[in-house]
Amino acid sequence: MPSQKAVAETGSRGSFGTKHLRPLSIGYSIGHLDGGPGTIGLFASAANGVAAVSCNHVLALVNEANAGQWIYQPGPPDLAADTQNRIGRLANFRALTRIGSNYIDAAYCILEDEVDINENVISPESGAPDAGQAFESIVDPFDLKLDQRIAKIGRTTGYTSEPAENVSVGINDVTIEIPGAGNHRFDNMIEIEWSDGRRPFAKPGDSGSAIYQEGDRTIFGLHVASGEITRKIGGTRKTAKVSYACPISQVMDVYHLALL
(Lines give C-alpha, C1' and ligand atoms only; values in the text may rest on other atoms or scores of the structure.)
Protein backbone atom coordinates (compact mmCIF):
# COMPACT_ATOMS: atom_id res chain seq x y z
CA MET A 1 0.00 0.00 0.00
CA PRO A 2 1.20 3.57 -0.61
CA SER A 3 2.47 5.65 2.30
CA GLN A 4 0.49 8.89 2.66
CA LYS A 5 1.37 11.82 4.94
CA ALA A 6 0.34 15.44 4.61
CA VAL A 7 0.45 18.63 6.65
CA ALA A 8 -2.41 21.11 7.12
CA GLU A 9 -0.86 24.51 7.75
CA THR A 10 -2.19 28.03 7.84
CA GLY A 11 -0.60 30.88 5.93
CA SER A 12 2.87 31.93 4.95
CA ARG A 13 4.13 35.28 3.70
CA GLY A 14 4.35 36.65 0.17
CA SER A 15 0.95 35.59 -1.04
CA PHE A 16 -1.85 36.21 -3.55
CA GLY A 17 -4.94 36.95 -1.46
CA THR A 18 -3.80 38.65 1.74
CA LYS A 19 -5.39 42.10 1.40
CA HIS A 20 -8.52 43.56 2.96
CA LEU A 21 -11.17 43.07 0.28
CA ARG A 22 -14.77 44.25 0.08
CA PRO A 23 -16.97 42.90 -1.30
CA LEU A 24 -15.64 39.58 0.00
CA SER A 25 -14.39 37.18 -2.64
CA ILE A 26 -13.53 33.49 -2.73
CA GLY A 27 -9.83 32.69 -2.72
CA TYR A 28 -8.85 35.39 -0.23
CA SER A 29 -7.52 35.32 3.32
CA ILE A 30 -9.78 34.47 6.27
CA GLY A 31 -9.06 33.47 9.83
CA HIS A 32 -9.65 33.47 13.58
CA LEU A 33 -7.99 35.96 15.94
CA ASP A 34 -5.93 33.21 17.58
CA GLY A 35 -4.93 31.25 14.46
CA GLY A 36 -3.23 31.66 11.12
CA PRO A 37 -4.89 32.60 7.84
CA GLY A 38 -6.53 30.21 5.40
CA THR A 39 -8.80 30.72 2.40
CA ILE A 40 -12.46 31.56 1.82
CA GLY A 41 -13.62 28.55 -0.19
CA LEU A 42 -17.19 29.48 -1.05
CA PHE A 43 -20.30 31.30 0.07
CA ALA A 44 -23.44 29.35 0.93
CA SER A 45 -26.95 29.81 2.22
CA ALA A 46 -27.48 28.61 5.80
CA ALA A 47 -30.61 28.57 7.95
CA ASN A 48 -29.43 31.66 9.84
CA GLY A 49 -27.78 33.68 7.09
CA VAL A 50 -24.97 33.73 4.52
CA ALA A 51 -22.05 31.43 5.35
CA ALA A 52 -18.38 31.73 4.41
CA VAL A 53 -16.90 28.23 4.32
CA SER A 54 -13.31 27.23 5.05
CA CYS A 55 -11.54 24.55 7.16
CA ASN A 56 -11.99 23.69 10.83
CA HIS A 57 -8.26 24.13 11.42
CA VAL A 58 -8.54 27.66 9.98
CA LEU A 59 -11.76 28.99 11.54
CA ALA A 60 -12.31 26.73 14.55
CA LEU A 61 -8.66 26.11 15.55
CA VAL A 62 -9.08 22.31 15.61
CA ASN A 63 -12.08 22.46 17.97
CA GLU A 64 -10.51 25.03 20.34
CA ALA A 65 -12.62 27.99 19.19
CA ASN A 66 -16.14 28.71 20.39
CA ALA A 67 -19.23 29.42 18.34
CA GLY A 68 -19.92 33.15 18.26
CA GLN A 69 -16.27 34.24 18.16
CA TRP A 70 -15.26 36.76 15.51
CA ILE A 71 -13.83 35.74 12.15
CA TYR A 72 -11.68 38.17 10.19
CA GLN A 73 -10.88 39.01 6.56
CA PRO A 74 -8.04 39.05 6.02
CA GLY A 75 -7.11 36.52 8.65
CA PRO A 76 -4.50 37.64 11.17
CA PRO A 77 -1.61 38.24 10.81
CA ASP A 78 -2.16 39.29 7.16
CA LEU A 79 -3.58 42.47 8.71
CA ALA A 80 -4.27 43.47 12.30
CA ALA A 81 -7.42 41.99 13.80
CA ASP A 82 -9.26 45.27 14.21
CA THR A 83 -12.99 45.89 13.97
CA GLN A 84 -12.95 46.89 10.29
CA ASN A 85 -11.70 43.41 9.42
CA ARG A 86 -14.44 41.54 11.28
CA ILE A 87 -16.79 39.84 8.85
CA GLY A 88 -18.85 37.42 10.91
CA ARG A 89 -19.02 34.94 13.77
CA LEU A 90 -18.04 31.30 13.89
CA ALA A 91 -21.25 29.33 13.53
CA ASN A 92 -20.57 25.62 13.17
CA PHE A 93 -17.82 23.04 12.79
CA ARG A 94 -17.53 19.26 12.84
CA ALA A 95 -15.04 18.36 15.58
CA LEU A 96 -11.82 16.74 14.42
CA THR A 97 -10.77 13.63 16.32
CA ARG A 98 -7.52 11.76 16.84
CA ILE A 99 -9.48 8.59 17.67
CA GLY A 100 -10.89 6.88 14.60
CA SER A 101 -11.47 8.57 11.25
CA ASN A 102 -12.36 12.03 10.04
CA TYR A 103 -14.24 12.68 6.81
CA ILE A 104 -14.27 16.47 6.61
CA ASP A 105 -12.17 19.36 7.88
CA ALA A 106 -14.62 22.21 7.51
CA ALA A 107 -16.25 25.08 9.36
CA TYR A 108 -18.20 28.20 8.52
CA CYS A 109 -19.01 31.62 9.86
CA ILE A 110 -22.23 33.56 9.39
CA LEU A 111 -21.51 36.95 7.85
CA GLU A 112 -22.70 40.19 9.38
CA ASP A 113 -25.61 41.74 7.48
CA GLU A 114 -23.56 44.74 6.36
CA VAL A 115 -20.77 42.64 4.81
CA ASP A 116 -21.13 42.51 1.04
CA ILE A 117 -19.94 39.52 -0.97
CA ASN A 118 -19.04 38.88 -4.58
CA GLU A 119 -20.98 35.62 -4.22
CA ASN A 120 -18.96 32.77 -5.76
CA VAL A 121 -17.31 34.68 -8.59
CA ILE A 122 -13.73 33.71 -9.44
CA SER A 123 -11.63 36.82 -8.90
CA PRO A 124 -10.44 38.61 -12.07
CA GLU A 125 -7.18 39.21 -10.16
CA SER A 126 -6.54 35.44 -10.10
CA GLY A 127 -5.74 35.18 -13.81
CA ALA A 128 -7.80 31.99 -14.00
CA PRO A 129 -9.39 31.11 -17.37
CA ASP A 130 -12.82 31.28 -15.70
CA ALA A 131 -12.11 34.59 -13.93
CA GLY A 132 -15.15 36.83 -13.60
CA GLN A 133 -17.55 33.87 -13.70
CA ALA A 134 -19.25 32.16 -10.76
CA PHE A 135 -19.28 28.57 -9.59
CA GLU A 136 -22.25 26.81 -11.18
CA SER A 137 -22.95 23.84 -8.93
CA ILE A 138 -21.49 21.02 -6.86
CA VAL A 139 -20.44 17.73 -8.42
CA ASP A 140 -19.59 14.36 -6.90
CA PRO A 141 -15.82 13.79 -7.25
CA PHE A 142 -16.53 10.37 -8.77
CA ASP A 143 -18.22 12.19 -11.68
CA LEU A 144 -15.26 14.34 -12.76
CA LYS A 145 -14.62 14.64 -16.48
CA LEU A 146 -11.12 13.32 -17.08
CA ASP A 147 -10.61 15.40 -20.23
CA GLN A 148 -10.89 18.66 -18.26
CA ARG A 149 -8.61 20.44 -15.83
CA ILE A 150 -9.26 21.09 -12.16
CA ALA A 151 -8.24 24.24 -10.31
CA LYS A 152 -8.39 26.24 -7.10
CA ILE A 153 -7.91 29.86 -6.04
CA GLY A 154 -6.01 30.05 -2.75
CA ARG A 155 -4.84 32.78 -0.42
CA THR A 156 -1.17 31.82 -0.87
CA THR A 157 -0.67 30.46 -4.38
CA GLY A 158 -3.67 32.02 -6.12
CA TYR A 159 -4.77 30.18 -9.25
CA THR A 160 -3.26 26.74 -9.83
CA SER A 161 -4.50 23.84 -11.93
CA GLU A 162 -3.85 20.20 -12.78
CA PRO A 163 -5.30 17.75 -15.30
CA ALA A 164 -8.31 15.89 -13.91
CA GLU A 165 -6.54 12.61 -14.64
CA ASN A 166 -4.22 13.49 -11.71
CA VAL A 167 -7.17 13.22 -9.30
CA SER A 168 -7.86 10.07 -7.27
CA VAL A 169 -11.00 9.77 -5.15
CA GLY A 170 -12.13 7.68 -2.20
CA ILE A 171 -8.64 7.59 -0.65
CA ASN A 172 -8.60 6.15 2.88
CA ASP A 173 -6.13 6.12 5.76
CA VAL A 174 -4.55 9.49 4.99
CA THR A 175 -2.52 10.87 7.91
CA ILE A 176 -2.71 14.65 8.16
CA GLU A 177 -0.55 16.45 10.68
CA ILE A 178 -2.09 19.65 12.02
CA PRO A 179 0.64 21.70 13.70
CA GLY A 180 -0.05 22.00 17.40
CA ALA A 181 -2.79 19.35 17.27
CA GLY A 182 -0.97 16.21 16.10
CA ASN A 183 -1.82 13.57 13.51
CA HIS A 184 -5.39 12.96 12.35
CA ARG A 185 -6.60 10.13 10.13
CA PHE A 186 -8.90 10.96 7.21
CA ASP A 187 -10.91 8.64 4.97
CA ASN A 188 -12.75 9.17 1.67
CA MET A 189 -10.35 11.91 0.64
CA ILE A 190 -9.58 13.40 -2.77
CA GLU A 191 -5.92 13.21 -3.79
CA ILE A 192 -4.42 15.55 -6.41
CA GLU A 193 -0.95 14.63 -7.65
CA TRP A 194 1.22 17.56 -8.74
CA SER A 195 2.50 17.30 -12.29
CA ASP A 196 5.69 19.06 -11.21
CA GLY A 197 6.88 18.93 -7.61
CA ARG A 198 8.51 22.33 -8.10
CA ARG A 199 5.15 23.91 -9.01
CA PRO A 200 2.86 23.30 -6.03
CA PHE A 201 -0.86 22.95 -6.42
CA ALA A 202 -1.20 24.38 -2.92
CA LYS A 203 0.87 25.76 -0.05
CA PRO A 204 0.22 26.67 3.61
CA GLY A 205 -2.58 29.25 3.73
CA ASP A 206 -4.51 27.66 0.85
CA SER A 207 -6.52 25.49 3.27
CA GLY A 208 -10.22 25.98 2.65
CA SER A 209 -9.90 26.64 -1.09
CA ALA A 210 -12.70 25.26 -3.23
CA ILE A 211 -11.45 22.89 -5.94
CA TYR A 212 -13.44 22.97 -9.14
CA GLN A 213 -13.60 21.73 -12.74
CA GLU A 214 -12.56 24.41 -15.19
CA GLY A 215 -15.08 25.29 -17.88
CA ASP A 216 -18.03 23.76 -16.03
CA ARG A 217 -17.06 25.62 -12.83
CA THR A 218 -18.45 22.78 -10.74
CA ILE A 219 -17.00 22.43 -7.22
CA PHE A 220 -16.02 19.01 -5.90
CA GLY A 221 -13.50 19.51 -3.08
CA LEU A 222 -12.37 21.63 -0.14
CA HIS A 223 -8.58 21.76 0.11
CA VAL A 224 -7.18 20.57 3.45
CA ALA A 225 -3.46 19.73 3.22
CA SER A 226 -0.47 18.89 1.04
CA GLY A 227 2.36 16.39 1.41
CA GLU A 228 4.00 13.35 -0.16
CA ILE A 229 2.98 9.87 -1.19
CA THR A 230 5.37 7.00 -1.73
CA ARG A 231 4.37 4.16 -4.05
CA LYS A 232 6.17 0.97 -4.95
CA ILE A 233 6.21 0.58 -8.73
CA GLY A 234 7.99 -2.40 -10.32
CA GLY A 235 10.22 -2.93 -7.34
CA THR A 236 11.21 0.74 -7.00
CA ARG A 237 9.79 3.36 -4.70
CA LYS A 238 8.42 6.55 -6.22
CA THR A 239 7.64 9.70 -4.24
CA ALA A 240 5.18 12.29 -5.51
CA LYS A 241 3.88 15.60 -4.17
CA VAL A 242 0.14 15.62 -3.55
CA SER A 243 -2.66 17.72 -2.13
CA TYR A 244 -5.72 16.41 -0.27
CA ALA A 245 -9.29 17.66 -0.14
CA CYS A 246 -12.54 16.48 1.38
CA PRO A 247 -15.62 16.17 -0.88
CA ILE A 248 -17.53 19.45 -0.76
CA SER A 249 -20.80 17.53 -1.15
CA GLN A 250 -20.20 15.99 2.29
CA VAL A 251 -19.52 19.40 3.79
CA MET A 252 -22.74 20.83 2.40
CA ASP A 253 -24.77 17.83 3.58
CA VAL A 254 -23.34 17.83 7.11
CA TYR A 255 -24.03 21.54 7.61
CA HIS A 256 -27.25 21.73 5.54
CA LEU A 257 -25.80 24.42 3.31
CA ALA A 258 -26.74 25.39 -0.24
CA LEU A 259 -24.40 26.99 -2.78
CA LEU A 260 -25.28 30.63 -3.46
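Reader: Where is proline 77 found?

Author: This is a predicted model. The peptide bond that runs from proline 76 to proline 77 is cis, with omega near 5°. Proline 77 itself is found in the loop between strand S6 (70-72) and strand S7 (86-93).

Reader: Which residue does a cis peptide bond join to proline 23?

Author: Most peptide bonds are trans. Proline 23 has its place in the loop between S1 and S2. The bond there is cis, with omega about 0°, and the residue joined to proline 23 is arginine 22.

Reader: How many helices and how many strands are there in the chain?

Author: Among the strands are S12, at residues 158-163, and S17, at residues 210-213. One of the helices is H2 (248-255). The chain has 20 strands and two helices.

Reader: What percentage of contacts between residues at least 6 apart in sequence join residues at least 24 apart?

Author: Buried residues make up 53% of the 260 residues in the chain. Of the contacts between residues at least 6 apart in sequence, the share that joins residues at least 24 apart is 67%.

Reader: Which residues touch the most other members of the largest nonpolar core?

Author: Nonpolar side chains tend to be buried together in soluble globular proteins. The largest nonpolar core here holds 59 residues, and the members that touch the most others are Ile30, Ile176, Val251 and Leu257.

Reader: Why is the pair of phenylalanine 16 and tyrosine 28 classed as it is?

Author: It is one of three aromatic pairs. The ring centres lie 5.2 Å apart and the planes meet at 40°, so the class is tilted. Both residues lie in the loop between S1 and S2, so the pair ties together parts that are twelve residues apart in sequence.

Reader: How many residues apart in sequence are the parts tied together by phenylalanine 135 and tyrosine 212?

Author: The ring centres are 5.2 Å apart and the planes lie at 50°, so this pair is tilted. Phenylalanine 135 is buried at 5%, and tyrosine 212 is buried at 0%. Phenylalanine 135 is in the loop between strand S9 (107-111) and strand S10 (137-138) and tyrosine 212 is in strand S17, so the separation in sequence is 77 residues.

Reader: Which ring does the charged end of arginine 89 sit over?

Author: A charge over a ring must be within 6 Å of the ring centre. Lysine 152 lies over the face of phenylalanine 201 at 5.6 Å from the ring centre. For arginine 89 the distance to the centre is 3.9 Å, and the ring is that of tryptophan 70.

Reader: Which side chain makes a polar contact of 3.0 Å with the side chain of serine 161?

Author: Serine 161, in strand S12, has a relative accessible area of 18% and is buried. Its side chain is joined to that of tyrosine 159 by a polar contact of 3.4 Å. Leaving out residues up to four places away in sequence, serine 161 touches Arg149, Ile150, Ala151, Phe201 and Glu214. The side chain in the contact of 3.0 Å is that of arginine 149.

Reader: Which residue's backbone nitrogen lies 3.0 Å from a polar atom of the side chain of serine 123?

Author: Serine 123 is in the loop between S9 and S10 and counts as buried at 4% relative accessibility. Beyond four places in sequence, it touches Ser25, Tyr28 and Ala131. The backbone nitrogen in question belongs to glutamate 125.

Reader: What is the phi of histidine 256?

Author: Most residues other than glycine have a negative phi. Histidine 256 lies in the loop between helix H2 and strand S20 (258-259) and is exposed at 67% relative accessible area. Its phi is positive, at about 55°.

Methods:
Residues are numbered from 1 along each chain as its sequence is written. This is a predicted model: local features need pLDDT of at least 70, side-chain atom pairs count only at pLDDT 80 or more; totals for chains, interfaces and linings use all residues. Side-chain values use heavy atoms; hydrogens and water are left out. A nonpolar core is a set of buried Ala, Val, Leu, Ile, Met, Phe, Trp, Tyr and Cys residues joined through side-chain atoms within 4.5 Å. Buried means under 20% relative accessible area, exposed over 50%, partly exposed in between (1.4 Å probe, protein chains only). Rings of Phe, Tyr and Trp (its six-membered ring) pair if their centres lie within 6.5 Å; planes under 30 degrees apart count as stacked, over 60 as edge-to-face and the rest as tilted. Helices (H or I, at least four residues) and strands (E, at least two) are DSSP runs, numbered from the N terminus. A charge sits over a ring if NZ of Lys or CZ of Arg is within 6 Å of the ring centre and within 35 degrees of the ring normal. A polar contact is a pair of N or O atoms within 3.5 Å; within protein, one must be able to donate a hydrogen and the other to accept it, and residues adjacent in sequence count only if both atoms are side-chain atoms. Contact means heavy atoms within 4.5 Å.
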